[in-house]
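Please read it alongside the sequence and the structure shown here.

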Amino acid sequence: MDSWAQQLDPDLRQGDVVDLLPIAVPKVPLRGTEPSGKDRVWREVELPAGAVYAERHLIVAATVRPALVLSHCCELEKQTKRKSNSRKPILIAPFVRLEDVGAGDREAIRQQRQWGAYYAGDVPGAGEGYFNLRGATAIDRSLVEQRKKLASMTDRARDGLKVRLIAFFTRIGADDLE
């Protein structure tokens, strides 16, 4: 089955692959920054345990890579209709090139035997790889829209993605859902 449409969908949809998105993971222990002195220089500080629910500048490790849009199409359409919601977060899963994975894991990923690895085959503009469902994260929609779309899934492939997401997040066997 060919997973990738011949032409890019003009709208942002579940199953789109977008290039150069930041995937960030906070460092442990949580560290952040705060302004210091009259020159507004930012200094590194350890965040106290009670610092939750407040917006903070965190220090994170980040990679910039292609990612798969996981948010459902109807959720994305609702955001489009409400212009004030264009900065709402959407869910993405980072792309991992298969060549960056140990040789022993490659075949298991290709055979879809690893729950958190959604094998994508050869993604146009990115190469052979998989989407790391365990690394799924939320990102501001406006940032996604600023980046280049590399590929759009076919409708059939998008249906397969939905089945895989249900299986991954609920551990219901994919065979039970078909």
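In this predicted model, the side chains of Asp 155 and Arg 158 come together in a salt bridge with an N to O distance of 2.8 Å. Both residues belong to helix 4, which spans residues 155-170, and they sit 3 residues apart, about one turn of the helix.

**Salt bridges**

- A network is formed by Arg 31, Glu 44 and Glu 46, which are joined through salt bridges that share partners.
- In total, the structure holds 10 salt bridges, and one of them brings the side chains of Glu 46 and Arg 31 together at 3.4 Å, taken from N to O.
- Arg 31 is partly exposed, its relative accessible area being 24%.
- A further salt bridge joins the side chains of Glu 107 and Arg 110, at an N to O distance of 3.7 Å.
- Both Glu 107 and Arg 110 are found in helix 2 (residues 103-110), where they are 3 residues apart, about one turn of the helix.
- Each of these two partners is partly exposed, Glu 107 with a relative accessible area of 38% and Arg 110 with one of 32%.

**Aromatic pairs**

- The model contains 2 aromatic pairs.
- For Phe 168 and Phe 169, the ring centres are 4.9 Å apart and the planes meet at 70°, so the pair is edge-to-face, given that planes over 60 degrees apart are assigned to that class.
- Phe 168 counts as buried at 9% relative accessibility, because the limit for a buried residue is under 20%.
- Phe 169, by contrast, is exposed, with a relative accessible area of 57%.

**Nonpolar core**

- The largest nonpolar core is made up of 19 residues, and those with the most contacts inside it are Trp 4, Val 17, Val 123 and Phe 131.
- At least two residues of this core are supplied by each of strand 6 (89-97), strand 7 (117-123), strand 10 (149-151) and helix 4.
- Helix 4 provides the largest share of the core, namely 4 residues.

**Largest pocket**

- The largest pocket holds about 310 Å³ of space.
- Its lining consists of Pro 22, Ile 23, Ala 24, Pro 26, Arg 56, His 57, Leu 58, Val 60, Thr 137, Ala 138 and Ile 139.
- Two or more lining residues come from each of strand 1 (17-26), strand 4 (57-58) and strand 9 (137-140).
- Of the contributing elements, strand 1 gives the most to the lining of this pocket, with 4 residues.
- By residue type, the lining of the largest pocket divides into 8 nonpolar residues, 2 polar residues and 1 charged residue.

Conventions
Residues numbered from 1 in each chain as written. Predicted model: local features only at pLDDT ≥ 70, side-chain atom pairs only at ≥ 80, totals over all residues. Heavy atoms only, no water. 1 Å grid on protein atoms, 1.4 Å probe; cavity = no way out; pocket = protein on both sides within 12 Å on 5 of 7 lines; lining within 4 Å. Points joined across faces, edges and corners; volume = space filled by probe spheres on them. Nonpolar A, V, L, I, M, F, W, Y, C, P; charged D, E, K, R; others polar. Phe/Tyr/Trp six-rings, centres within 6.5 Å; stacked < 30°, edge-to-face > 60°. Buried < 20%, exposed > 50% of the residue type's maximum accessible area, 1.4 Å probe, protein only. Salt bridge = Lys/Arg side-chain N within 4 Å of Asp/Glu carboxyl O. Core = buried A, V, L, I, M, F, W, Y, C linked by side-chain atoms within 4.5 Å.
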